[in-house]
Amino acid sequence: MRITTWAEYGLICALHLARRVGTGPVTGRDVAARERLPGDYVEQILLRMRRAGIVNSTRGARGGYSLARAPEEITVRDVIQASELTTFDLHCVTHPVDAGRCAEAENCSIRPVWMLLQKRIDEVLEGVKLSDLLDDESVVRDRVGLPAYAAPEIPGGLPILQP
């Protein structure tokens with residue numbers, strides 16, 4: 001799986017809106033400016049997330065976007081799927097090596113591996129909510145079961161310069 005710009009920006013936008021819950025709608029241009037993202041991307045992503053029911057849009061002078069549900073109810077998978085339209089590209093389906101060889105009716109011993117990978121990725125993404133990502137990295141690392149961040153050692157570096 002490759003995390004695309006669409007997925008990354010979508011998650012950044014959703015987190016921005018999650019941090020603003022209860023403060024009213026915010027324009028796509030404001031989200032783009034505050035997060036230093038291209039405005040056109042942000043507008044398209046917010047539109048996709050609106051269609052998926054993740055954000056609401058309000059028209060008018062005080063209009064903009066806000067989360068449609070509480071951050072505890074929105075998963076990272078929801079956001080990525082809305083932003084990118086998929087969470088995992090099953091390459092043999094979208095870009096078959098050979099139409100005959102890669103058809104579903106054909107026997108392929110590789111396809112189950114990709115399908116299992118897709119399932120596991122979706123399970124991980126489904127298990128993390130926007131609300132889980134509102135804390136500092138060290139808290140999020142602990143929450144998702146990763147060890148605390150340790151700066152890499154510099155091979156041959158002087159001990160005093162080691163992080």
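Colour the chain by secondary structure and follow it from the N terminus: the elements run α-α-α-β-β-α-α-α-α. This predicted model thus presents seven helices and two strands.

With the whole chain still selected, consider its overall figures. The chain has 163 residues, of which 31% count as buried. Its accessible surface comes to about 10,700 Å², and carbon and sulfur atoms contribute 53% of that area. Among contacts with a separation of 6 or more, 60% join residues 24 or more positions apart.

**Helix H1 and His 16**

Select residues 5-19, which form helix H1, and locate His 16 within this helix. Is His 16 buried or exposed? His 16 counts as buried because its relative accessibility is 8%, and the cut-off for buried is under 20%. Next, display the residues that His 16 touches: Val 26, Val 31, Arg 34 and Glu 35, leaving aside residues up to four places away in sequence.

**The loop between H2 and H3**

Move on to helix H2 (28-35) and helix H3 (39-51); the loop between these helices contains Arg 36. Inspect the backbone at Arg 36: phi is near 55°, a positive value in a residue other than glycine. Arg 36 counts as exposed because its relative accessibility is 75%, and exposed requires over 50%.

**The pair H4 and H6**

Two packed helices are described by the angle between their axes and the distance between the axes. Select helix H4 (residues 76-84) together with H6; they pack at an angle of about 115°, and their axes are 6 Å apart. To see the contact itself, show side chains on both helices. On the H4 side are Val 76, Arg 77 and Ile 80, which meet Asp 122, Leu 125 and Glu 126 of H6. By class, this contact of H4 with H6 consists of three nonpolar and three charged residues, with no polar ones.

How does Leu 117 count by relative accessibility? At 35%, Leu 117 counts as partly exposed, because that value falls between the limits of 20% for buried and 50% for exposed.

Key
Residues are numbered from 1 along each chain as its sequence is written. This is a predicted model: local features need pLDDT of at least 70, side-chain atom pairs count only at pLDDT 80 or more; totals for chains, interfaces and linings use all residues. Side-chain values use heavy atoms; hydrogens and water are left out. Buried means under 20% relative accessible area, exposed over 50%, partly exposed in between (1.4 Å probe, protein chains only). Axes are lines fitted to C-alpha atoms, for helices over the stretch in contact, and angles run from 0 to 180 degrees between N-to-C directions. Helices (H or I, at least four residues) and strands (E, at least two) are DSSP runs, numbered from the N terminus. Contact means heavy atoms within 4.5 Å. Ala, Val, Leu, Ile, Met, Phe, Trp, Tyr, Cys and Pro count as nonpolar, Asp, Glu, Lys and Arg as charged, and the others, Gly among them, as polar. Accessible areas come from the Shrake-Rupley method with a 1.4 Å probe; for residues, only the protein chains shown count as cover.
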